[in-house]
Amino acid sequence: MFEVDYANWDAVQVFCGSCTQWRTGMAGATGLDYPAVECVMRMHQVSDTAETLARVQVIEVGVLEVWRKARERERNSSGNHKKTR
């Protein structure tokens, strides 16, 4: 359980509603699909879409960073990490 500041409530709702809408590439998720995020904002009747998107992007960057670090830990613990020159 966690607390959400009222100013961030719309962004959290939109992010959670968009949680299956990730764009992916060879290295995994690269970011949210913004047309899908816009659709979720409409469904939640978000009034300040620009501010909410900016807050969703903060969450998005944080999640991508957590996932990146988890992949690094997994690679390092499996012994399959690449040596760089």
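Tutor: In helix 2, the residues Ala 36, Val 37, Val 40 and Met 41 are buried. They span an arc of only 145° around the axis, so they sit on the same side of helix 2. The model is predicted.

Student: What do the buried residues of helix 2 pack against?

Tutor: They pack against helix 1 (9-17), strand 2 (28-32) and helix 3. On the other side of helix 2, Pro 35 and Arg 42 are exposed.

Student: Why is Gln 45 called exposed?

Tutor: The relative accessibility of Gln 45 is 72%. Exposed means over 50%, so Gln 45, at 72%, counts as exposed.

Student: Where is Gln 45 found?

Tutor: Gln 45 is in the loop between helix 2 (34-43) and helix 3 (49-78).

Student: What is the phi of Gln 45?

Tutor: Gln 45 is not a glycine, yet has a positive phi of about 55°. Most residues other than glycine have a negative phi.

Student: Why is Cys 19 called partly exposed?

Tutor: Cys 19 has a relative accessible area of 44%. Buried needs under 20% and exposed needs over 50%, with partly exposed in between. The value of 44% falls between these cut-offs, therefore Cys 19 is partly exposed. Its place is in the loop between helix 1 and strand 1 (22-25).

Student: How far is the C-alpha atom of Cys 19 from that of Leu 32?

Tutor: The two C-alpha atoms are separated by 8.2 Å, and the residues are 13 apart along the chain.

Student: How many aromatic pairs does the structure hold?

Tutor: The structure holds 2 aromatic pairs. Phe 15 and Trp 22 form an aromatic pair, with 6.1 Å centre to centre and 80° between the planes.

Student: Which residues does Leu 64 touch?

Tutor: Leaving out residues up to four places away in sequence, Leu 64 touches Trp 22, Ala 29, Thr 30 and Gly 31. Leu 64 lies in helix 3. The C-alpha atoms of Leu 64 and Gly 28 are separated by 9.6 Å, with the residues 36 apart along the chain.

Note on methods
Residues numbered from 1 in each chain as written. Predicted model: local features only at pLDDT ≥ 70, side-chain atom pairs only at ≥ 80, totals over all residues. Heavy atoms only, no water. Phe/Tyr/Trp six-rings, centres within 6.5 Å; stacked < 30°, edge-to-face > 60°. Helix = DSSP H or I, 4+ residues; strand = E, 2+ residues; numbered from the N terminus. Buried < 20%, exposed > 50% of the residue type's maximum accessible area, 1.4 Å probe, protein only. Contact = heavy atoms within 4.5 Å. Arc of directions from axis to C-beta.
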